[in-house]
Amino acid sequence: MGDFNLALVIVAIIVCVLVFIFNVYLLVNYQHPDDVNQAYFPKFVVVLGLSVAAISILMLPADVANRQACRHAIYNGACNLTLPMKDLWLAIYFVDAILVFFVIPFAMFYYEGDQDKSVWKRMKSALIWVVVTAVVCALVLGILYGLVGKVDFTVRHLSSSTTSFPSSWDFFNSQQCIGNGARQCSAYSANASSETTWTMRTTFPEYVVALATIVGSVLFTIFGGVGIACLPLGLIFSFIRRPKAVITRSQYIKEATELAKKARELKKAADALHQEERSDNKGRKWRKNVKSVEKELLLLEEDVKALEEMYPQGEKAEASWAMTVLGYLAKLVLGVIGLIVSVAWVAHIVIYLLIDPPLSPFLNEIFIKLDDVWGLLGTVAFAFFCFYLLLAVIAGAMMLGLKLVFITIHPMKWGATLMNSFLFNVGLILLCSISVIQFCATAFGYYAQATAAQEIFGHTLQSLRGIKYLYKYNVFQIAFIILAGLTFVYYAAFGMEKKKPSGRFQLSS
């Protein structure tokens with residue numbers, strides 16, 4: 001038993017080191033050239049945030065493996081030798097909440113501060129905003145915890161009379177208790193009067209995790225519901241809209257001239273917005289115009305990239321075209337695999353969560369059978385489904401940012417990602433990762449039963465006063481399925497259309 005736990009600790013340490021190295025690699029290769037050899041504090045926050053998000057996702061499979069450490073225990077104290085997963089869960093999510101609500105906002109305010117100001121003034125301005133946010137959050141959390149920071153567990157009071165130890169044991173389906181004339185002791189057939197409610201106050205860390213989960217669940221439901229459909233379908237339709245052949249030089253010149261004209265219009269609009277910013281005329285319309293310009297710029301960059309793909313230049317033009325073809329084939333393969341995973345997710349939610357009683361354990365049973373084939377195969381598949389859900393959230397946020405422009409667009413681009421975009425996406429990932437774990441702990445409750453995660457995100461969260469009704473009536477799951485269906489219909493109707501810059505801007509006077 002001890003050897004198993006030692007192996008689990010070693011694996012956990014190795015995975016944490018690999019996650020940290022991989023996140024440093026992402027930062028180095030995605031960062032914008034303007035941020036090279038500077039902005040070290042935002043970079044540290046980015047690596048730390050990505051590491052916490054990845055580790056939190058991997059902790060659920062680790063929780064399952066930790067539970068199996070004492071599954072075949074032959075003495076009562078065996079489970080005391082396993083990892084303290086409940087304490088680890090609370091620690092990782094407390095760090096998550098601090099990063100999302102305090103550290104990342106401070107880093108963003110500092111990074112986006114006026115470059116003409118001194119470092120101290122930028123830090124002071126960012127600190128003021130964070131302190132105000134901290135005071136408001138502390139007051140809200142304190143008041144809510146004092147008023148409704150309790151859990152209500154519905155239980156049945158059962159009792160039975162005693163009887164002498166029998167010489168033989170004979171049981172029947174109709175026999176609820178041992179002994180004749182005993183009072184009711186079967187929960188299945190107990191009357192309503194035996195039901196009562198136990199009320200107890202939850203710990204403050206658990207309450208913070210619960211409220212952070214609710215905030216993340218709203219974003220997760222919107223972004224995840226859209227992303228679970230647009231992630232695979234976007235890849236498939238990208239293959240369908242791919243360039244079929246290399247264009248001629250005259251066609252290239254014509255398209256490049258048109259794109260240059262649109263680029264000049266964008267520059268003119270951006271200069272006008274920059275002048276308004278200098279004159280402190282930054283109203284609601286100005287912010288709307290900034291988002292519109294950001295959207296048009298992103299679409300224009302996509303058109304430039306597409307044009308370069310259709311007319312590769314240089315000594316390795318043929319090799320570049322071959323890599324383009326292979327890239328789109330890879331998108332098709334990944335899109336088909338993703339579509340299968342998305343359909344499996346939606347089907348599992350309907351079969352296991354929305355139908356009462358569940359029709360089948362579905363993916364839970366598949367994971368268990370994979371574990372029977374090889375000890376970690378089911379755990380790896382389980383982790384893959386959790387990670388896929390997090391990728392769907394990011395894809396949904398990008399799509400809604402482009403279509404509706406109700407959030408600031410922060411695209412992640414290889415070698416061209418500014419630190420504010422990094423911080424924004426890391427904050428989004430961290431905030432939604434809590435809800436992804438809670439959602440997975442519920443959706444795979446049969447596979448992840450008796451784990452510390454299920455105790456926190458299952459029993460406690462779903463019994464918390466004022467919040468439990470959102471889970472009792474499956475509000476998030478139903479909204480998730482509806483948004484996934486609407487996104488699928490949208491792609492079926494408009495997926496073939498190529499996005500084009502409008503070239504029209506409503507600049508404030």
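What percentage of the 509 residues in the protein chain is buried? Buried residues make up 40% of them. The model shown in these views is predicted.

**Figure 1. Overview of the protein chain, with 14 helices and two strands.** The protein chain holds 509 residues. Its exposed surface comes to about 28500 Å², and carbon and sulfur atoms supply 65% of that area. Among contacts with a separation of 6 or more, 81% join residues 24 or more positions apart.

**Figure 2. Packing of helix α3 against helix α5.** Two packed helices are described by the angle between their axes and the distance between the axes. Here α3 spans residues 85-111 and α5 spans residues 204-240. The angle is about 55 degrees, and the axes lie 9 Å apart. That angle makes α3 oblique to α5. The crossing of the two helices is left-handed.

**Figure 3. Residues at the contact of α3 with α5.** On the α3 side, the contact is made by K86, L90, Y93, F94, A97 and F101. On the α5 side, P205, E206, V208, V209 and A212 take part. By class, the contact residues divide into nine nonpolar and two charged, with no polar residue.

Figure 4. The relative accessibility of T487 is 7%, under the 20% cut-off, so T487 counts as buried. Setting aside neighbours within four places in sequence, T487 is in contact with G225, V226, A229, C230 and M399.

**Figure 5. F362, a residue other than glycine with positive phi.** Phi of F362 is near 50 degrees. F362 sits in the loop between α8 (317-354) and α9 (363-373). With a relative accessible area of 27%, F362 falls between the cut-offs of 20% and 50% and is therefore partly exposed.

**Figure 6. N474, in the loop between α13 and α14.** N474 is not a glycine, yet its phi is positive, at about 55 degrees. The helix α13 on one side of this loop covers residues 468-472. The relative accessible area of N474 is 17%, so this residue is buried.

Terms used: Residues numbered from 1 in each chain as written. Predicted model: local features only at pLDDT ≥ 70, side-chain atom pairs only at ≥ 80, totals over all residues. Heavy atoms only, no water. Axes fitted to C-alpha atoms, helices over the stretch in contact; angles between N-to-C directions. Helix = DSSP H or I, 4+ residues; strand = E, 2+ residues; numbered from the N terminus. Parallel < 35°, antiparallel > 145°, perpendicular 65-115°, else oblique. Left-handed = near helix turned anticlockwise from the far one by under 90°. Contact = heavy atoms within 4.5 Å. Nonpolar A, V, L, I, M, F, W, Y, C, P; charged D, E, K, R; others polar. Buried < 20%, exposed > 50% of the residue type's maximum accessible area, 1.4 Å probe, protein only. Areas by Shrake-Rupley, 256 points an atom, 1.4 Å probe, with all protein chains shown as cover.
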